[in-house]
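Student: I am new to this structure. Can we go through the terms and see how each one is decided?

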Amino acid sequence: MTTHHLDDTQPHAFWDNSYPARLRIQPGDTVVFETLEATAGQVGPDSTSEAVRNLNFDLIHPLTGPVYVEGAVPGDALVVDIISIKHKGWGWNAVIPGFGLLAEDFTEPYLHLYKLGETTCEFRPDIHIPYEPFCGVMGVAPREPGRFNTIPPRENAGNIDIRHLTPGARAFFPVLVPGALFSCGDCHSAQGDGEVSGTGIETRMTVTLNFQLQKGVNIPELRFITPPGKKLTVADEDGYFVTTAHGPDLFKDAQQAIRYMIDHLSSVYKMTREQAYCLCSAAVDLKISEVVDAPNWIVSAYLPLSIFK
């Protein structure tokens, strides 16, 4: 089968099923995608916190693609095997005013830059997060005509931010228009489940994907298989510190669990609340621990202790 290459010079920051394909491939082909970081260059390795004060959200999520898969028709599933994802040396996450789980708590911008190695992302010299790369945005063209922004996830998948779609995983996307018209971008070097500040460790990447078709399976939305033998969380060998919050609203419970975690991180590990919020977004996993005993549910925030060196 053929291997193709798409550079990052013609990104699109929207979904639109009338947008022309950059590449046509056969099932079984592999595509190497060069992807920009999430702001399309508004943040760089020498940026300060002011870079995220007034981001142009029209440029957010510059995607590489679309790719037209010959023979794909509505009702099929596009099968995407994630072969490799390689960083380009640096990454960032941030507190962006007006954005994120705790937007009401954090009104000033803060940018945190990371040094990226082969296996870890350095938050600071004594805090190293495992490098577990994935595409924050992967999706096919929507069935509806028109142009849609990439911020919310949709039927076509899109901004899914599922951190377990690492190399070795296999994803299944519903084909909604002829050719599927697949695009990807917004890659992260690491992220906690929840991406609570609104950013993972945002990184320019080289992404290699293989494409197959399953005919006529009519899946309603994205589904995936995690890599064989890979633990859901690499950084679990030293256990976790966990905060919990209860209440009748899962969103508010998630907010409160993260507030408690920020309190813990800022006091125990001597960091600002903004730094603690960024670390939560990069490394803390939110879990719905209980959702059956009305009127209150439980959300837990899991901090892997092995990141502290």
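**Helix, strands and a buried serine**

Tutor: Begin with helix α1, where D253, A254, Q255, A257, I258, R259, M261, I262, H264, L265 and S266 are buried. Buried means under 20% relative accessible area, exposed over 50%, partly exposed in between (1.4 Å probe, protein chains only). This is a predicted model: local features need pLDDT of at least 70, side-chain atom pairs need pLDDT 80 or more, and totals for chains, interfaces and linings use all residues. Residues are numbered from 1 along each chain as its sequence is written, and side-chain values use heavy atoms, without hydrogens and water.

Student: What makes α1 a helix, and how do you know that its span agrees with its 19 residues?

Tutor: Helices are DSSP runs of H or I with at least four residues; strands are runs of E with at least two, and both are numbered from the N terminus. The expected span is 1.5 Å times one less than the number of residues. For residues 250-268 that gives 27 Å, and the end C-alpha atoms are 27 Å apart, so the two agree.

Student: Which elements do the buried residues of α1 pack against?

Tutor: They pack against β16 (240-247), α2 (273-283), β17 (285-290) and β18 (297-304). Contact here means heavy atoms within 4.5 Å.

Student: What caps the N-terminal end of α1?

Tutor: D249 does: one of its side-chain oxygens lies 2.9 Å from the backbone nitrogen of F251. Just after α1, K270 takes a positive phi of about 55 degrees.

Student: How do you know that β18 pairs with β16?

Tutor: Pairing needs at least two bridges found by DSSP. β16 and β18 have eight, and they run antiparallel. In this pair, T243 stands opposite A301. β17 and β18 also run antiparallel, with five bridges, and a hairpin of six residues joins them.

Student: Why is β18 called largely enclosed?

Tutor: Six of its eight residues are buried, so the rest of the structure largely encloses β18.

Student: Why does S189 count as buried?

Tutor: Its relative accessibility is 0%, so S189 counts as buried. S189 sits in the loop between β13 (182-188) and β14 (205-214). Beyond its neighbours within four places in sequence, its contacts include H87, L116, C121 and Y131.

Student: What makes the S189 and T203 pair a polar contact?

Tutor: The term covers N or O atoms within 3.5 Å; within protein, one must be able to donate a hydrogen and the other to accept it, and residues adjacent in sequence count only if both atoms are side-chain atoms. The side chains of S189 and T203 meet at 2.9 Å, as a polar contact.
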